[in-house]
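Have the structure open as you read.

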Protein chains: 2
Amino acid sequence: MTVFNFSAGPAVLPVPVLLKAQSELLNYQGSGQSVLELSHRSALFETILNETESLLRELLEVPDGYHVLFLQGGATLQFSMLPLNLATNQHLIDFIDTGSWSQKAIQDAQVYAKTRIIASSASNLYRSIPTDPVVSDADYLHITWNNTLEGTTYTHVPQVDVPLVADFSSSILSEPIDISQFDLIYAGAQKNLGSAGMTLVIIKDDLLERTPALLGSYLRYDTHATHHSLYNTPPTYSIYLTKLVLEWIKEQGFETVVRRNRQQAAALYTYLDQSTLFSNAVALTDRSRMNIPFTTGQTDLDEQFLKFAERNQLVNLKGHRSVGGMRASLYNAMPTSGVDALLDALHRFEQGER
Amino acid sequence: MTVFNFSAGPAVLPVPVLLKAQSELLNYQGSGQSVLELSHRSALFETILNETESLLRELLEVPDGYHVLFLQGGATLQFSMLPLNLATNQHLIDFIDTGSWSQKAIQDAQVYAKTRIIASSASNLYRSIPTDPVVSDADYLHITWNNTLEGTTYTHVPQVDVPLVADFSSSILSEPIDISQFDLIYAGAQKNLGSAGMTLVIIKDDLLERTPALLGSYLRYDTHATHHSLYNTPPTYSIYLTKLVLEWIKEQGFETVVRRNRQQAAALYTYLDQSTLFSNAVALTDRSRMNIPFTTGQTDLDEQFLKFAERNQLVNLKGHRSVGGMRASLYNAMPTSGVDALLDALHRFEQGER
């Protein structure tokens, strides 16, 4: 059975990546061992780790002066590690509140520091990204680049004089990022980078000096930077899968992937905007290319559509429980044929098919 | 090429587990999705999670009144989480020091609480487990059940009136544990449970009440207990692999696995004890069945043996860099043919073959 998986994460992976993982699952490069069995101290795994890092540096054009870390615990552990490591001077963090994931970051930060919301799109029901200039004198400013639930994305980098920290979990590697404008970015791997269980952190070297003396070893960015993510056993298989995903991107060319993402999102938005049944409420300028929420405006009709979609092998289109409706996540691995199948189903449903 | 992998972890996995993982890598139970692509909120993944938990409860005979948690960050993150959650009354933790991993746990605990070593085998170069009765009035007593580097293991549970916390990373599921005698046990999955990236925590319910109000959400045991390890995205594929490993154990019968472990370790110790070239220095009563260090006593001869072993497809026998010599890790997935091949190589090397 072929299905198209529109899950917000863990999410669809490229078929060539899965085939490659399958083909070498029992015997990695003639070693007689599975990648799952490789010691993290083995030469074979160190090569995997180094290649993953250099592919990331190449595709994301990471400038010199940044460390690339492979951690665990998802964005959620970052919500604690960030204040613990970085809010060590003023004990004050500024946030731009763009919805659900911003708020989760704020909640955890409040445990460790004073927090301040210096801009918010709450009054607009988070259907846009605040664009007014912001001023911060906190230890850092935190933003959520792509908002998985609300379907919004930044398209500009806020300019502030303090370190800028950004959650890129749901849009990393879907478009180019000018890393030099950030001091730390982080992303769970389970959307665009690979599998659940690995968290990418790219941190400017000078931030590593902020970590206080009294902090447990796993929670310190400097531990992982000093030990090249090998202080303790890293999520070896997740790192390997990320390597395969990066190779898949590189093979096609990153610009090809970016162009396809834009075309696919544009096709869905174009349909939704002309539809008299379905709609997306996000401000035109701030629409996410990765997560596209839409609704008929009627709960029972949304339910009907979700069932209709499933019968047509379009799965995981249900919107987040806090938002309702539908959500199509169009990560890098979603093929154009998947978007076409979704458009076809939307059209047929709108025509009355059930 | 067939090799026998004696790595201390990540380590050898059962071939039937790898074959099963390979066969369903692209299409899990006819869903058209890989387990790697399953949303952690999907019914399919929730079933995997529930089955993994109930297999663990069955095989380890976990009594009622304990939560089973699937976390990330390895034992190393537990070294912070334990004091943060549990050392909240007296801010005092007692330790029995049995070597390298005890010391890592102590080091991190010192960040958060006072620590006290109430027994130690340091004077004996960690070649045994302290057996004198201990008294504790701390928030909890921490022990390291099996000592991966030193090759020692507890065979008795220390009796104290405070909660007992134990690191079972390198021996979980290699032998029965009387969980009722512990208040919290934890183990990284990459030795006996599956793959790197998942950490098992089994915690007595009343300990969950110790977590202080001010602690970030990921770092709280109560977060994960309340949300059944689904507060944030868990390491879904690692959990699935653990399920396959548990099914593999159950299929043979846990007692069969335990018996094989005992026989294999006994065979290697018997050889080492009669050898005039190789030896193991651990006290007879405290020898680990999972990690067996041995040496010729001469660095260059050890090196020669390691090369000889590799030429005979016996890999990852090098001892930890802090100990030197050799170490054979005989986890559940090590087949008897692997131990036989090692014994054969030891014998031939001792006979002068190079």
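What follows is a short tour of a few salt bridges, one pair at a time.

First, keep in mind that this is a predicted model. Over all chains, the count comes to 22 salt bridges, and we'll stop at a handful of them.

Start in chain B, at helix α6, which covers residues 236–252. Here B:Glu247 and B:Lys243 sit four residues apart, or about one turn of the helix. Their side chains meet in a salt bridge, with 2.8 Å from N to O.

Now hop along to helix α9 of chain B, residues 336–350. B:Arg348 and B:Asp344 are also four residues apart in this helix, so about one helical turn separates them. They form a salt bridge too, and the closest N and O atoms are 2.8 Å apart. Both ends are partly exposed: B:Arg348 has 22% relative accessibility and B:Asp344 has 38%.

Our last stop is back in chain B, where B:Lys318 and B:Glu303 make a salt bridge at 3.8 Å, N to O. This pair links distant parts of the chain, 15 residues apart. B:Lys318 is in the loop between β12 and β13, while B:Glu303 belongs to helix α8. B:Lys318 counts as exposed, at 53%, and B:Glu303 as partly exposed, at 36%.

Conventions: Residues numbered from 1 in each chain as written. Chains lettered and ligands numbered in written order. Predicted model: local features only at pLDDT ≥ 70, side-chain atom pairs only at ≥ 80, totals over all residues. Heavy atoms only, no water. Salt bridge = Lys/Arg side-chain N within 4 Å of Asp/Glu carboxyl O. Helix = DSSP H or I, 4+ residues; strand = E, 2+ residues; numbered from the N terminus. Buried < 20%, exposed > 50% of the residue type's maximum accessible area, 1.4 Å probe, protein only.
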